[in-house]
Amino acid sequence: MTDMTPTKNARRSHHWRHDLIELAALFTAVVVADTIAKTIAKGPDGPYLLVFSAIALAATAAFHTWWARRHSHAPPADDPGGSGVGTPLPPAALSGEDPTPVGDSAGTALWRMRTTVRDTPGSLAALCTVLARHGVDILTLQTHPLAEGGTVDEFLLRAPAGLQPGVLTREVAAAGGTDTWTERADAHDLVDTPTRVLGLATRTALDAAELPLALRQLLGRCTIRSVPPVSLSGRPTGEPAPVEGVLEETAMRLRDPNGGTLVIERPYLPFTPTEFARARALVELDARLGPRLPRGRDVLTLPEGNDITVRRADQRDLPAARAMHDRCSGRTLALRYHGPVGDADRYLDHLLSPRFGRTLAVHTASGRFVALGHLLWDGDETEVALMVEDDWQRRGIGSELLGRLVAMAEEAGCDSVYAVTQSSNTGMVAAMRALNLPLDYQIEEGTLVITARLAPRPAAAPEGAAEADAATPVRPLPGGGPRRGRR
């Protein structure tokens with residue numbers, strides 16, 4: 001049975017009118033030609049009338065050509081059954097977003113898109129047809145089955161630079177997609193998912209502090225908090241997550257191998273069971289491997305000729321860190337912690353945990369700690385903190401540690417780092433200014449917060465880049481700083 005859609009009926013009616021007009025024009029031309037011929041034969045102005053008739057015929061032919069081109073039988077450009085090339089999309093930008101996305105080449109842009117479709121035959125085909133009609137190329141596609149039916153399809157798209165995300169969302173919704181989410185992508189997203197997951201697993205295997213970063217890269221823009229079993233004051237923090245973990249829409253809770261719970265939240269987009277399984281596998285890998293740190297270290301020579309070593313530290317270095325703590329003056333401890341520290345062991349155990357960040361330690365040839373530097377994950381932000389033993393201050397050690405911590409933050413993809421200190425701590429202020437980065441200052445009741453905005457990474461770090469640890473030299477220091485060597 002023929003499908004007589006309104007579009008086809010309108011097109012058939014249009015063809016009938018077109019034929020009728022051409023037939024009327026033909027009869028009119030015959031009558032005019034017959035009249036002219038009789039006039040030329042009987043009148044004295046025959047040659048002039050012949051020229052006039054030639055001009056009239058030329059004008060009629062031109063009009064016929066124009067009419068035929070305007071009302072041709074080709075389907076309209078926006079007809080789904082025609083050429084497949086859609087009409088130009090109207091300009092529409094999302095609120096607060098730059099209307100020109102970052103492109104991977106001239107005239108195109110990369111987008112990540114996620115949408116939910118019905119789990120029925122043809123639903124994905126309808127979505128792909130809409131994308132193709134607007135010149136969008138699908139580079140990669142992942143499907144996340146949902147327990148209640150349907151699937152979440154995640155695309156990496158190469159689209160015309162003029163295609164706006166708001167328009168793309170409306171087109172996808174017309175094709176049956178719901179809960180559509182779009183985000184700009186770049187060349188880092190061109191790596192296929194199995195390769196990317198293997199790379200994140202390698203980074204986690206080399207360094208326990210990489211687990212929060214690997215989870216964030218695996219799940220996209222999210223907030224990761226590590227909740228210890230007891231707070232610094234000794235109070236329980238709540239029920240730990242079960243071994244199998246808990247998935248609750250836009251949040252998941254996983255048991256931390258170091259104790260406590262890993263809480264991952266993404267309020268703008270629910271997690272899928274597939275993402276939950278991947279995250280749980282990374283945490284299980286971390287639990288099986290146990291404590292581990294990169295082995296690299298640097299030997300630095302101070303201006304007076306003493307050699308010191310810079311390396312990563314963790315909770316296994318708690319005795320040496322506590323011994324340094326006991327040697328520091330009350331003023332040094334107050335500048336670092338902004339007040340008295342009641343239980344140094346519990347506090348240092350928290351700071352040295354790889355779940356909360358990375359720690360650099362400076363020690364002498366005998367293994368005595370003389371300085372500690374911390375890069376702490378604080379939700380979506382990153383804090384840097386330093387403490388140098390009194391007898392080793394004013395030798396460039398703090399500036400060296402700060403430069404290395406900032407380099408590690410840049411490698412981890414952080415946008416900025418901040419330091420909390422007192423306005424009287426001129427040494428920390430000078431070290432932050434020596435970074436030669438844009439700084440923001442906020443002061444309230446004697447507490448100073450200095451935020452340094454970091455430069456974006458120029459290129460993707462190779463997978464497994466966790467081997468490039470704190471032993472990698474960083475920017476040169478002003479005159480008088482320690483000289484570097486390798487061990």
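Two strands count as paired when DSSP finds at least two bridges between them. The model discussed here is predicted.

**The four-stranded sheet**

Strand S7 (residues 251–255) and strand S8 (residues 261–265) meet that condition, with five bridges in the antiparallel sense. Within this pair, Ala251 stands opposite Glu265 in S8. The sheet is open, has four strands and runs in the order S5-S8-S7-S6, with antiparallel pairing. Strands S5 (223–227) and S6 (246–248) each have a single partner strand, so each is an edge strand with one side left without a neighbour in the sheet. From one strand to the next, the twist averages 15 degrees.

| Helix | Residues | Strands touched | Angle |
|---|---|---|---|
| H7 | 273–289 | S6, S7 and S8 | about 25 degrees with S7 |

**The nonpolar cores**

The largest nonpolar core holds 37 residues. Its members that touch the most others are Val362, Leu375, Ile397, Leu401, Leu402, Val417 and Met432. Elements giving two or more residues include strand S10 (307–313), strand S11 (357–363), strand S12 (369–378) and helix H12 (426–433). Helix H11 gives the most, with seven residues.

What does Leu401 contact, leaving aside its neighbours within four places in sequence? Its partners are Val310, Leu360, Val362, Ala371, Leu372, Gly373 and Leu386.

A second core is separate and has 17 residues, among them Ala214, Leu218, Ile224 and Phe271. In soluble globular proteins, nonpolar side chains tend to be buried together.

Conventions. Residues numbered from 1 in each chain as written. Predicted model: local features only at pLDDT ≥ 70, side-chain atom pairs only at ≥ 80, totals over all residues. Heavy atoms only, no water. Core = buried A, V, L, I, M, F, W, Y, C linked by side-chain atoms within 4.5 Å. Buried < 20%, exposed > 50% of the residue type's maximum accessible area, 1.4 Å probe, protein only. Contact = heavy atoms within 4.5 Å. Axes fitted to C-alpha atoms, helices over the stretch in contact; angles between N-to-C directions.
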